[in-house]
Amino acid sequence: MGRFFKLNWLKWLAAGLALCGVAELVRGCVALFDPLTLDYSEMIVAGMAHQLARTGSLAAIYAPPNTPYALPGIQYPPLFIWLNVLLLKLTGLTPLLAARLLAWATYVCSGLLVGGLVWQETRQRWAALVAAGLPFCFWSVLIFINAARPDPLALFFSLLAAFFYRHRQKSNFPPKDTPDSIISKTRLLQLFAIALLCALAFLSKQTYLAIGAAIFFDLALTRGRRRYALFFGLTLVALLLGGILLVNTLADGMFVGIFDPARAARFIFDKVPGFVGFFVLDHLSLFLIAGGAIIWQLRRGEKFWPLYTLFATLACAAIVKDGAVDYYFNELAYVLSVNVGLALAGYKNEPTTKKWLTTAIGVQLLIAVAMLVAWGQGRAFNNFRQAYSEGLTLVQTAQAQNRPALVFADNLLLATNHTDLIGDYFIYSILVENKRRDPQPLVNDLERGYYDFVIGEEFFRWPQVFQTALDEHYTLRYLDGQDGRHLFRLYLRKT
């Protein structure tokens, strides 16, 4: 019996990860139907998809015509929105459910790709199965797998590009000692297709450039492949610029506004150590295993996965932008999972090392189970159910009686089918602070008490010019959950 358990460490680990993954997927499926949204970005994604489906105008999702005070629209490229619109038209689902379902499915498919990549690299079945389950041990994935965001689609295209690129590399693409003067047209076509996948990742979420950089430098640093690197780099740049030009034309020139530096001019350096520290500490065992795998690969002359890990890490630097949180870690989480799978396969014939590896992953599995038990979208909805219902009733009553109310709680606008009023109030507040929007129209309305009430998400940070007017002319109430946490800020006009 002892020998059985010793020989099947990896199988038991794979089974545990599979159960954890299935539990997360079941919980994720249930949470897809919760009306409460805890991530403001998913409200805008769902709202803009509904706008596009209703109006057919791509410009409307970047400069929504009906938002109060010219609030800007979505801050992402449109590919995820287009697919969401297609899903809406095919299924008739609600905008929020359709967007969540698309995001959830691409997170899951990306996990399968992690297993496929490890299998392609090693032909080790159990290592591939373990690797496929590892992303769902990262709390950034556990939390945001329920959120309707474009990131998982970009992640899926990135990993798909890595899969096809490594497939070519494993077939000696081309032999490393091939002179640079010999160019294969077939290989160029293959690289073009891979560059197209990298461009699709960017057109899903503009921060997903790590895979393109990893492929370019992997080719450029290998003798016999430098001309391929030049071709790939130029092709990728041409596809990115062409995609931006096409989308900008279809959006009547509004799309390029998302690249305006003024929209990302507020940073949260003070919060970054906490974000990064918790991420590293909660997954320290996987970081150590992946670090060992990277050193092992570099000693063998393998550069691609170390490069991809490096660029995925650098992409996390975008977390310092105000409003950006844990989902910036997700690409790194999936790439680390590939490296851990490679480590398991590489040390399969060293029993002592393999035992330590599987024990470390087992510890991570226990942490993931604890996170799974401690947090959940459904649990959050139950906590805030009464507060959400109160806020929804207020908005519905104001709309029915045609009383003016300023609603910056987009989930309430989604629930009442007023997606034409949804805009990005985070970016709006940043633009106000950077003198790119005139605050006076809103200040004037607040000072004269035009609105019966103003309701916004608790995490929304008001510019001081608005906060001063609110404090003077409105009374603040909080709509709280059962545990006392705030869900909405409700400002009632003083009488």
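What volume does the largest cavity have? The legends below, drawn from a predicted model, begin with that view.

**View 1. The largest cavity and its lining.** The volume of the largest cavity is about 40 Å³. Its lining is formed by Thr207, Tyr208, Ala315, Tyr328 and Glu331. By class, that lining splits into three nonpolar residues, one polar and one charged. The count of cavities of 30 Å³ or more comes to one.

**View 2. The second largest pocket.** This pocket holds about 420 Å³ of space. It is lined by 24 residues. Closest to the pocket centre are Gln75, Gln206, Ala264, Lys321 and Tyr328. Helix H3, residues 40-55, gives the most to the pocket lining: three residues. Sorted by class, the pocket lining has 13 nonpolar, six charged and five polar residues.

**View 3. Helix H11 against helix H12.** H11 covers residues 210-220, and H12 covers residues 226-250. The two helices pack at an angle of about 155°. Their axes lie 7 Å apart. An angle over 145 degrees counts as roughly antiparallel, so H11 and H12 are roughly antiparallel to each other. The crossing of H11 with H12 is left-handed. On the H11 side, the contact uses Gly212, Ile215, Phe216, Leu219 and Ala220. H12 meets them with Arg226, Tyr228, Ala229, Leu230, Phe232, Gly233 and Leu236. Nine residues of this contact are nonpolar, two are polar and one is charged.

**View 4. Helix H6 against helix H16.** H6 runs over residues 95-122, and H16 over residues 330-346. Here the packing angle is about 30°, with the axes 9 Å apart. Angles under 35 degrees count as roughly parallel, so H6 and H16 are roughly parallel to each other. H6 and H16 make a right-handed crossing. H6 brings Tyr107, Ser110, Gly111, Val114, Leu117, Val118, Glu121 and Thr122 to the contact. H16 brings Asn330, Tyr334, Ser337, Val338, Gly341, Leu342 and Ala345. The contact of H6 with H16 has eight nonpolar residues, six polar and one charged.

Terms used
Residues are numbered from 1 along each chain as its sequence is written. This is a predicted model: local features need pLDDT of at least 70, side-chain atom pairs count only at pLDDT 80 or more; totals for chains, interfaces and linings use all residues. Side-chain values use heavy atoms; hydrogens and water are left out. On a 1 Å grid over the protein atoms alone, a cavity is a set of points where a 1.4 Å probe fits but cannot get out, and a pocket is an open set with protein on both sides within 12 Å along at least five of seven lines; lining residues have an atom within 4 Å of a point. Grid points are joined across faces, edges and corners, and a volume is the space filled by probe spheres set on the points. Helices (H or I, at least four residues) and strands (E, at least two) are DSSP runs, numbered from the N terminus. Ala, Val, Leu, Ile, Met, Phe, Trp, Tyr, Cys and Pro count as nonpolar, Asp, Glu, Lys and Arg as charged, and the others, Gly among them, as polar. Axes are lines fitted to C-alpha atoms, for helices over the stretch in contact, and angles run from 0 to 180 degrees between N-to-C directions. Angles under 35 degrees count as roughly parallel, over 145 as roughly antiparallel, 65 to 115 as roughly perpendicular and the rest as oblique. A crossing is left-handed if the near helix is turned anticlockwise from the far one by less than a right angle, and right-handed if clockwise. Contact means heavy atoms within 4.5 Å.
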